[in-house]
Amino acid sequence: MRCLVTGCAGFIGSHLAEKLVQSGFEVMGIDSFTDYYDRRIKEANVQGLLKSGKFTLVREDLLNMDLDKVLERVEYIFHHAAQPGVIASWGEHFESYSQNNILATQRLLESARKISLKSFIFASSSSVYGNCELPMREDRLVSPISPYGVSKLACENLCYSYWKNFGVPIISLRYFTVYGSRQRPDMAFHKFIRAILKGKEITIYGDGNQTRDFTYIDDAVNSNILAIEKSCSGEIFNIGGGSYISVNGAIKLLEEIIEKRARIIYKEKRKGEMEATWADIGKAKKMLGYNPRFNLKEGLFKEIEWIKGIMDK
C-alpha cells in the first residue's frame, strides 16, 4: 500500500505520515519547506520518519515537480500541503495562497485523474464557513471572511469538480483548530503556553469571548485513517474535537494546568478572524465512525509537556 502525503514536514502532515508508516503503509512525503516559519522546526518534524525504511522524503514544490511521474505507483493521496494563516493572507501575500493552495491543488488533481486511486483526502478548514449559524454543518452555506478561507473553499470546489467529472475519489476533511505536539509556532495555544511558562504577556485580539472548537492532533490524524476505510467519495466532513470554549476560558484552563497566571493584553480584533467555530460532527460520526477521544484538558496537558521539552533544548 503506497501513499503520498503532501506537506509531510508540517504539523499535521508529519503526524499523519508517522501513523501511516506505523500502520504498514509505504509513504512518500513531499514538502517544499517554505519559509512561513523556521525551517528547522519542519526538519525536526521528519527526523523520526527519516529513520524508517518505509518513508521517502521528496524535497520539492508541487508547483514545479513532475507529478505524473511521482504518482505512478500511488494508491492513496493525503493532500495537506498549503499556505497557512488567516491574518497573513491579506494584501500582497495572497499570491502565495493562490499559488500554494489553489494552483498546487489543481496540479495535483490533474495528475491524480490519470491514475487509479483508492482515496484522495483533502485537508480543508473550518475557515470556509465564515460567521455562520452554530453549530456548523456541512450542508450550510459557506461564506469565508478571509482570503485564506477563500483559498481553501476554492480547493474544496476544485476537488468536487474532479470527483464529479473524472471520478477522483475525493474526501474533504474540514479541520477545526487542531492543536497538540508540533503545533506551528504562530498558532494560539503554542504562543499562549510559551508566554505563560516564561512569564511573558499574551496578546488577545478582541475581547477573548470569541469561541473555538479545538481538535487534538491524534483525533485529526485518525479521521484520515477512517476516511480511507470508508467509501465516501465526493463527501465533506467536519472534523472537530467537541471542545467548544472561549479564548478566555481556554487561557483559564492553561493557567490551571500550568499553575501560573497569564499576563494578558487585549487589542482590537483583526480582520478575517471568525467570531466562533463549533463543529457539528454528526455526519463524520455516522459515515466515518469518527469520535474524538481527547478532551481539551487532556490534549493541552500533552501539548504543554511537549513545549516544555523543546524549550529545555
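What follows is a chat about helices, salt bridges and a pocket in a predicted model.

Visitor: Before I ask anything, what are the ground rules for this model?
Guide: It's a predicted model, so local features need pLDDT of at least 70 and side-chain atom pairs count only at pLDDT 80 or more, while totals for chains, interfaces and linings use all residues. Residues are numbered from 1 along each chain as its sequence is written, and side-chain values use heavy atoms, with hydrogens and water left out.

Visitor: Okay, how far does α4 reach from its first C-alpha to its last?
Guide: Helix α4 covers residues 94-112, 19 residues in total, and reaches 26 Å, close to the 27 Å expected. That expected span is 1.5 Å times one less than the number of residues. Helices here are DSSP runs (H or I, at least four residues), strands are E runs of at least two, and both are numbered from the N terminus.

Visitor: Where is the kink in α4 centred?
Guide: On L103, with a kink of about 30°. The bend at a residue is the angle between axes fitted to the seven residues ending there and the seven starting there.

Visitor: And which residues of α4 are buried?
Guide: Among them are Y97, N100, N101, A104 and T105. Buried means under 20% relative accessible area, exposed is over 50%, and partly exposed is in between, with a 1.4 Å probe and protein chains only.

Visitor: What do those buried residues pack against?
Guide: Their partners include β1 (2-6), β5 (119-125), α5 (147-166) and β6 (170-175). Contact there means heavy atoms within 4.5 Å.

Visitor: What about α7?
Guide: Helix α7 (residues 217-229) is mostly covered, with ten of its 13 residues buried. The buried ones include I217, D219, A220 and V221.

Visitor: Which residue does K283 meet in a salt bridge?
Guide: E235, at 2.7 Å from N to O. This pair links distant parts of the chain, since K283 is in helix α9 (residues 282-288) and E235 is in strand β10 (residues 235-239), 48 residues apart. K283 is partly exposed at 24% relative accessibility, and E235 is partly exposed too, at 26%.

Visitor: Which residue does D38 form a salt bridge with?
Guide: With R40, and the closest N and O atoms are 2.7 Å apart. D38 is partly exposed at 33%, whereas R40 is exposed at 65%.

Visitor: And how far apart are the closest N and O atoms of E305 and K308?
Guide: 3.6 Å, in a salt bridge. Both residues sit in helix α10 (residues 296-311), and because they are three residues apart they are separated by about one helical turn.

Visitor: Last one: how much space lies in the second largest pocket?
Guide: About 310 Å³. Of the 13 lining residues, the closest to the centre are I41, A44, N45, W306 and I310. The largest share of the lining, four residues, comes from α2.

Visitor: How is a pocket defined?
Guide: On a 1 Å grid over the protein atoms alone, a pocket is an open set of points where a 1.4 Å probe fits, with protein on both sides within 12 Å along at least five of seven lines, and lining residues have an atom within 4 Å of a point. Grid points are joined across faces, edges and corners, and the volume is the space filled by probe spheres set on the points.

Terms used:
A salt bridge is a side-chain nitrogen of Lys or Arg within 4 Å of a carboxyl oxygen of Asp or Glu.
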